[in-house]
Amino acid sequence: MRILFLGDVMGRAGRAAVTAHLSQLRQDWRLDFVVVNGENATSGMGLSTDHAKLLLDAGADVVTLGDHAFDQKDMLGFIEKEPRIIRPLNYSKAAPGAGARVFTAPGGRKVLVAQVLGQVFMKRPFDDPFSALDATLRQYPMGGQVQASLIDVHCEATSEKMAMGHFCDGRASIVVGTHTHIPTADAMILPGGTAYLSDAGMCGDYNSVIGMEKTEPLRRFITGMPKARFTPATESATLSGLYVETDDRTGKATRVEMIRQGGRLAQAGPT
Ligand SMILES: [Fe+2]
Ligand SMILES: [Fe+2]
């Protein structure tokens, strides 16, 4: 299967890049399945119903969230109606929606998508992501009833993401990090056959501080004093993420490539 994952869509610039380019990428790269992280698509804070629909209409098969899952309050209701939106498994026991679900790709092939939140350096304490994910991976073993599986690991610390990659090695097709908005350069296939990248980066304007217009973040770093609100940067966005090919029989990854399309970042993609 050819699977594309795109990291945190950041504000209007990120949404515009996804709507402008994703359907063409689906064709050009003959993608079977696309997962997009949408936790910052609405003004950098959460995902509204309208913007969730926009990302799904633009070509996302599944939209994942993160610590900002419910910043837009309408998501609390919408996630119960729209099964293609996945919030973190360990967000809260009272959270609506699901943290893992099996979807159908072309040809009736089944794809598990799950998301977990890390515990290191996160603003709120979340439940243990390892035990949460362990239960899901036991339920849907690779090479069994699902042909492929993708785990979005939403963490601040690269150490926690790497540990999660090794924890899932041979048990999931893809483990990809989100949340820091800056892509890492460690795309690889782990020894057990799991495609791994510590962070997908964001789909946003990189002439910014992690997607926010740079003036106010710079002021806060330099003076220690807030003066204005953070607003997403508005120049053209780079679509950032991971392209993976998997073996339908085993679920293992056979190829992994970093994706950086459009905007300011040096370009990369499968050729
Ligand atoms: Fe994010
Ligand atoms: Fe986040």
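Reader: What makes the arrangement of the four donor atoms around the iron ion (ligand 2) irregular?

Author: The four donor atoms subtend angles of 87 to 140°. Four donors count as tetrahedral if all angles lie between 85 and 135 degrees, four as square planar and six as octahedral if opposite donors are over 155 degrees apart and all others between 65 and 115, and anything else is irregular. The model is predicted: local features need pLDDT of at least 70 and side-chain atom pairs pLDDT 80 or more, while totals for chains, interfaces and linings use all residues. Residues are numbered from 1 along each chain as its sequence is written, chains are lettered from A and ligands numbered from 1 in the order written, and side-chain values use heavy atoms, without hydrogens and water.

Reader: Which residues are the protein donors of the iron ion (ligand 2), and how far from it do they lie?

Author: They are Glu-39 (OE), Asp-67 (OD), His-154 (NE2) and His-179 (ND1), at 2.1 to 2.2 Å. A donor is an N, O or S atom within 2.8 Å of the metal (3.2 Å for Na, K and Ca), and sites may look incomplete since water is not among the atoms. Along the chain the donors follow the spacing E-x27-D-x86-H-x24-H. Glu-39 lies in the loop between β2 (33-37) and α2 (49-58), and Asp-67, 28 residues apart from it, in the loop between β3 (62-64) and α3 (75-81). Glu-39 also bridges the iron ion (ligand 2) and the iron ion (ligand 1), which lie 3.5 Å apart.

Reader: Why is Glu-39 called buried?

Author: Its relative accessible area is 1%. Buried means under 20%, exposed over 50%, and partly exposed in between (1.4 Å probe, protein chains only). Glu-39 is therefore buried. Thr-136, at 6%, also counts as buried.

Reader: Where is Thr-136 placed, and what does it touch?

Author: Thr-136 is in helix α4, where helices (H or I, at least four residues) and strands (E, at least two) are DSSP runs numbered from the N terminus. Leaving out residues up to four places away in sequence, Thr-136 touches Leu-89, Ala-100 and Leu-112; contact means heavy atoms within 4.5 Å. The buried residues of α4 (residues 129-139), including Leu-133 and Leu-137, pack against β5 (100-104), β6 (110-117), β7 (148-154) and α5 (158-168).

Reader: What leaves one side of β4 and of β12 without a neighbour in the sheet?

Author: Six strands form an open sheet in the order β4-β3-β2-β1-β11-β12, with mixed pairing. β4 (85-86) and β12 (253-261) stand at its edges with a single partner strand each, so one side of each has no neighbour in the sheet.

Reader: How do you know that β11 and β12 pair?

Author: Two strands pair if DSSP finds at least two bridges between them. Strand β11 (residues 239-246) and β12 share eight, in the antiparallel sense. Among the partners in β12, Gln-261 bridges with Leu-239, and Arg-260 stands opposite Ser-240.

Reader: How do you know that the radius of gyration of the protein agrees with a compact globule?

Author: The radius is taken over C-alpha atoms, and the globule rule is 2.2 Å times the number of residues to the power 0.38. For 271 residues a compact globule would have a value near 18 Å, and the protein has 17 Å, which agrees. Buried residues make up 56% of the protein.
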